[in-house]
Amino acid sequence: MKKKIKKIIEDQGLLEECDIEILDYGLDQIMVYGISSIVALVLGWLMRVGVNGFFFFVVFVPLRLYAGGYHADTRKKCNYISFFILLLVYWMLNDFNWNSRIWVLVGLLAAVIIWFLAPVDNKNHRLDKSEKIKFRKMTRLMVVLFLILLLFLFCFVRRYLGSVIIAYLLVAIILIAGMIKNKTKDKYKVEE
C-alpha cells in the first residue's frame, strides 16, 4: 500500500528527490499510528471499556504528546510495552472502583508530578530551550483543563473518573521513567 501511495505521488510530479525520505517516514508513521489505533479500538471493544476508553485516550494522547517521557529504544519494544500497558489500562478501567476519594488524590498527585516534570525529552528528540517552554506551557494548560474535567466527572459522572486518573497516572510514570532513562544514559556517556 505504501508503494502504491508513493507511486501515485511520484507520478503526479508532486515529489522531489530530496522529499522521498520524508514521505517514507510520514507514510510509516501513518501506518504505525493507524494500526495502533485499530488495535486499541478492537481491544477496547473486546474488553468492553467503551466510553471509558475514549476518555482515557482524550486525556492521555495529548498529554503524552507534549509531556514526553520514556521512549523505548526500538519500535518492536515500543509495540510490546504499549500493548501490555493498554491491556493493563483496560483491565483497570473495568475492575477498579474509581469512585474513591483516594483515587482522586492519586490523580491530583500525578497531575502535580506532570506539572513539575514535563516536558521530558529523549535521545531521539532533544528539546531546545524554546521548545521546552512551549511544551511546558501546553502540558500545563492541558493539566488544568483535564483537572476541570476530573472535577466535573467527580461531581456528576463518576463512572468515567478512572479514565482521567489512569491517564494522569500513566503520564506521570512515563515522565519519571524517561527522566531515569535519560540520567542513566547520561551517566554511562560521562563514564565512557
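Reply: One term first: a residue counts as exposed when its relative accessible area is over 50%, and as buried when that area is under 20%. Keep in mind that the model is predicted.

Me: Which residues sit on the face of α4 turned away from its buried side?
Reply: The buried residues of α4 are L86, V89, Y90, M92 and L93. They lie on the same side of α4, because the arc they cover around the axis is only 155°. The face turned away from that side carries exposed residues, namely K76, Y80, F84 and D95.

Me: How far apart are the end C-alpha atoms of α4?
Reply: Helix α4 takes in residues 75–95, which is 21 residues. At 1.5 Å a residue the span should be 30 Å, and the model agrees with this, so the end C-alpha atoms are apart by 30 Å.

Me: How many helices and how many strands does the chain have?
Reply: From the N terminus on, the elements run α-α-α-α-α-α-α. That order goes with a count of zero strands and seven helices.

Me: What share of the contacts in the chain with a separation of 6 or more is made by residues 24 or more positions apart?
Reply: The chain has 192 residues, and buried residues make up 34% of them. Its C-alpha atoms fill a box of roughly 60 × 45 × 30 Å along the principal axes. For the contacts with a separation of 6 or more, the share from residues 24 or more positions apart is 78%.

Me: Are α5 and α6 roughly parallel or roughly antiparallel to each other?
Reply: The axes of α5 (residues 101–117) and α6 (residues 129–156) come within 10 Å and cross at roughly 170°. An angle over 145 degrees is the cut-off for the second of these words. Helices α5 and α6 are therefore roughly antiparallel.

Me: How many nonpolar residues does the contact of α5 with α6 have?
Reply: From α5 the contact uses R101, V104, L108, A111, I114, W115 and F116. From α6 it uses T139, R140, V143, V144, L147, L150 and F154. By class, two of the residues in this contact are charged, one is polar, and the nonpolar ones number 11.

Me: Which peptide bond is cis?
Reply: The loop between α5 and α6 holds P119. Most peptide bonds are trans. Here omega is near 0°, and the cis bond is the one from A118 to P119.

Me: What reach does α2 have from its first C-alpha to its last?
Reply: Helix α2 covers residues 20–46 and has 27 residues. At 1.5 Å a residue, 39 Å is expected, and the reach in the model is close to that, at 39 Å.

Me: Which residues does L43 touch, leaving out those up to four places away in sequence?
Reply: L43 lies in α2 and is among its buried residues, which also include I20, L23 and D24. Its relative accessibility is 12%, so L43 counts as buried. Its C-alpha atom is 31 Å from that of L117, 74 residues apart along the chain. Beyond four places in sequence, L43 touches F83, L86, L87 and Y90.

Me: Is K181 buried or exposed?
Reply: K181 is found in α7, residues 161–191. Not counting residues up to four places away in sequence, K181 touches Y70, H71, A72 and D73. Its relative accessible area is 16%, and the cut-off is under 20%, so K181 is buried.

Key. Residues numbered from 1 in each chain as written. Predicted model: local features only at pLDDT ≥ 70, side-chain atom pairs only at ≥ 80, totals over all residues. Heavy atoms only, no water. Axes fitted to C-alpha atoms, helices over the stretch in contact; angles between N-to-C directions. Helix = DSSP H or I, 4+ residues; strand = E, 2+ residues; numbered from the N terminus. Parallel < 35°, antiparallel > 145°, perpendicular 65-115°, else oblique. Contact = heavy atoms within 4.5 Å. Nonpolar A, V, L, I, M, F, W, Y, C, P; charged D, E, K, R; others polar. Expected span 1.5 Å × (residues − 1). Buried < 20%, exposed > 50% of the residue type's maximum accessible area, 1.4 Å probe, protein only. Arc of directions from axis to C-beta.
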